Amino acid sequence: MTTLNPRQLSGALRAGACGIHPLEAGTGLLIDCGSWLDRTDFTSRFITAGTSISDGVTLLASLDWETAVTAFHAGELPASGGERRMLLLASSIASGTPVSLNDTLAGIDSRNATLTVRAVAHAAGLPDPYQETDTRYQKG
């Protein structure tokens, strides 16, 4: 069972995903969309946390994406339409869980659409397309 607060959990998940672009991107998308880390029915079942064995201090966490999505599809994890879409998109980016983009992208709000575009770019190893300092995406 995970007993960290959402802020600690966020840092531990990011640290656990560090260095693997798709995992970083999917994890970041799940964190940034907002609701999942505040839900103990989610964090207690699908997130494992501990201290790094290399330094004995750093909190690391991992998410069992496949089990979470399986539980969701089985009706064991109720969610709003937006929560559903973001969980499925994040899981697909992080772990390759199959998802229908036609179903999941239709209906997401502009904030979550922006988060998703950023996550896809990050997963591909590309810079944030919304950063003003990156001139590749600016008209000119």
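Trainee: Which residues does alanine 71 touch, not counting residues up to four places away in sequence?
Mentor: Keep in mind that we're looking at a predicted model. Alanine 71 is found in helix H4. Leaving out residues up to four places away in sequence, its contacts are Arg45, Phe46, Glu76 and Leu77.

Trainee: Is alanine 71 buried or exposed?
Mentor: The cut-off for buried is under 20% relative accessible area. Alanine 71 has a relative accessible area of 4%, so it counts as buried.

Trainee: How far apart are the C-alpha atoms of alanine 71 and leucine 29?
Mentor: Along the chain, these two residues are 42 residues apart.

Trainee: Leucine 29 makes me curious about the core. Which element gives the largest share of the largest nonpolar core?
Mentor: That core has 31 residues, and Leu13, Leu29, Leu30, Phe42, Ile47 and Leu63 have the most contacts inside it. At least two residues each come from helices H1, H2, H3, H4, H5 and H7 and from strand E2. The largest share, 7 residues, belongs to H5.

Trainee: And what does leucine 63 touch, not counting residues up to four places away in sequence?
Mentor: Leucine 63 is listed with those having the most contacts inside the core. Skipping residues up to four places away in sequence, the ones leucine 63 touches are Leu13, Leu30, Phe42, Phe46, Ile47 and Ala68.

Trainee: Back to H5, then. How many of its 15 residues are buried?
Mentor: Among the buried ones are Met86, Leu87, Leu88 and Leu89, but also Glu83, Arg84 and Arg85. Those buried residues pack against H2, H3, H4, H6 and H7. H5 is largely enclosed by the rest of the structure, because its buried count is 11 of the 15.

Trainee: Which elements cover the buried residues of H2?
Mentor: H2 has 13 residues, reaching 18 Å from first C-alpha to last, close to the 18 Å expected. Its buried residues are Ala25, Gly26, Thr27, Gly28, Leu29, Leu30, Ile31 and Cys33. Their cover includes H1, H3, E2, H4, H5 and H7.

Trainee: What volume does the largest pocket have?
Mentor: The lining includes Arg14, Glu24, Asp32, Arg118, His122 and Asp128. Sorted by type, the lining has 4 nonpolar, 2 polar and 5 charged residues. As for the volume, it's about 170 Å³.

Trainee: Which element provides the largest share of the lining of that pocket?
Mentor: Two elements give two or more residues to the lining of the largest pocket, H2 and H7. The largest share is 5 residues, and it comes from H2.

Trainee: What distance separates the end C-alpha atoms of H7?
Mentor: H7 has 14 residues, and at 1.5 Å a residue they should span 20 Å. The model agrees with that expectation, because the end C-alpha atoms are apart by 20 Å.

Trainee: What covers the buried residues of H7?
Mentor: The residues in question are Asn112, Leu115, Thr116, Ala119 and Ala121. Just after H7, glycine 125 takes a positive phi of about 80°. As for the cover over those buried residues, it includes H2, H5 and helix H6.

Key
Residues numbered from 1 in each chain as written. Predicted model: local features only at pLDDT ≥ 70, side-chain atom pairs only at ≥ 80, totals over all residues. Heavy atoms only, no water. Core = buried A, V, L, I, M, F, W, Y, C linked by side-chain atoms within 4.5 Å. Buried < 20%, exposed > 50% of the residue type's maximum accessible area, 1.4 Å probe, protein only. Helix = DSSP H or I, 4+ residues; strand = E, 2+ residues; numbered from the N terminus. Contact = heavy atoms within 4.5 Å. Expected span 1.5 Å × (residues − 1). 1 Å grid on protein atoms, 1.4 Å probe; cavity = no way out; pocket = protein on both sides within 12 Å on 5 of 7 lines; lining within 4 Å. Points joined across faces, edges and corners; volume = space filled by probe spheres on them. Nonpolar A, V, L, I, M, F, W, Y, C, P; charged D, E, K, R; others polar.
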